[in-house]
Amino acid sequence: MSLIIHNTGMLVQTREDGALFTAGKEMAVLPVIENGWLLIEDGIIAGYGPAETMPGFSSAVAKLDAGGGYLFPAFCDPHTHLVYAGSREKEYTDKIRGLSYEEIAKRGGGILNSAKLLHETSEDELFRQSMERVNEIISFGTGAVEIKSGYGLTTEDELKMLRVIRRIKESSPLTVRSTFLGAHAVPAEYRHDRNGYVDLIVNEMIPAVAAERLADYIDVFCDRGFFTVEETARILEAGVRHGMRPKIHANELDYSGGIQTGVRYGALSVDHLEFTGDDEIAALLGSGTMPTLLPGAAFFLGMTDPPARKMINAGLPLAMASDYNPGSSPSGNMKLVVSLGCIRLRLLPEEAINAVTINAAYAMGLAETHGSITVGKKANLFITNKMPSYEFLPYAYGSNLVDTVLLNGEVVFSRQSAGGGPQQCWQ
Ligand code: NIG
Ligand code: FE
């Protein structure tokens, strides 16, 4: 099956340079082709170029008129917790009244509150609630997503979450990567026996997760009040022994040593990084670990932003993710993340777009197949409304500009189909 997309205003993020990510000054370079066409064969990008090079195609090739809209590679979202039960807007109100994220957590709110809700929710119901979020992020232009466990905190409930992630992988057109995050918080019953909980993770949870091959990656919330560097090291070692590469939460609440620990264990990414200084930057340089920022979380919690400019100026790459979760970032809208990257982190639009496409693909182990318009990569793409420039995408921060989404070469969402109403097309 072949499809040609024509009459685009621009093809954005076209690369044949073999780059797996962009770093430092290169992050400000965003390759584009004006008025381009793109050919898809069997779900893969087979060719593209400027309008004057468009080949004459037979009637066997379906045509999709982009109407002057811009064609982007679908967003990659390399850090989410979108499998969760219920919601936590009461805590949101408590925060408005002045309680901090850590104070709410200490009172049994936060992650432990979500763990309680998840325990009371059946696997089928959890899948149903999560699929609503999956369909929502597809309509926002996301084509690949990493999803974590971490609201189970018992072996049984962690497995329940990871099985739901596997069902999402099997039943949606998204590319999904899964991460085991048993070390998201210490459950109340282990408050006076932290070692006991780490033992449970190492001796029972990790082997059980590995036996069912439920996780690609292992995560630990390595931060003040959550897991120490020593605890993190023990858990990562066990994960690595069972074939799970680290991809961890670090330095959201303090200079926790999490970044250095992640790098030491060969983490694919270290995420959050609000507290990043010269030592952390030195550890990351040349490490192969992708620093991943979650501007939606700092924005929603009203917390410190990471020093993104300083990190890029030092030569680092940066990825960005939504952190979609019920406590610190109840949104999976990656276009908004691009805007927040520009507005709050002072990224240039080119840097922000690189951070959510090619660099984000790297941060979830998909650099070879996702994150750019490249011949041979998966045809995961979105078409925008007509726009004057690509800078308009982050600039128009409240407008939904994503019009049509194609995953695996097929239209899975269109705002213009069927009588003008939004349509999910893939079920
Ligand atoms: O990435 N920082 C730790 N975990 C999540 C928040 C989880 C929650 O509050 O439910 C995060 O922000
Ligand atoms: Fe997170």
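## The largest pocket

The largest pocket holds about 360 Å³ of space. The model behind this value is predicted. The lining of this pocket is made up of 13 residues. Ala-105, Lys-106, Val-186, Gly-225 and Phe-226 are the ones that lie nearest its centre.

Two helices stand out as contributors. At least two lining residues come from each of α2 (101-106) and α3 (110-119). Helix α2 gives the largest share, three residues. By type, the lining of the largest pocket splits into six nonpolar, five charged and two polar residues.

## The second largest pocket

The second largest pocket contains about 200 Å³ of space. Its lining includes Leu-112, Ala-115, Lys-116 and His-119. Gly-152, Leu-153, Thr-154 and Asp-157 also line this pocket. So do Pro-187, Ala-188 and Glu-189.

Here the largest share comes from α3, with four residues. Five residues of this lining are nonpolar. Three are polar and three are charged.

Strand β17 covers residues 402-407, and strand β18 covers residues 410-414. The two run antiparallel and are joined by four bridges. One pairing can be named: Val-405 has Phe-413 in β18 as its bridge partner.

Two residues lie between the strands of this hairpin. Within the hairpin, Asn-408 takes a positive phi near 50 degrees.

Terms used: Residues numbered from 1 in each chain as written. Chains lettered and ligands numbered in written order. Predicted model: local features only at pLDDT ≥ 70, side-chain atom pairs only at ≥ 80, totals over all residues. Heavy atoms only, no water. 1 Å grid on protein atoms, 1.4 Å probe; cavity = no way out; pocket = protein on both sides within 12 Å on 5 of 7 lines; lining within 4 Å. Points joined across faces, edges and corners; volume = space filled by probe spheres on them. Nonpolar A, V, L, I, M, F, W, Y, C, P; charged D, E, K, R; others polar. Pairing = 2+ DSSP bridges.
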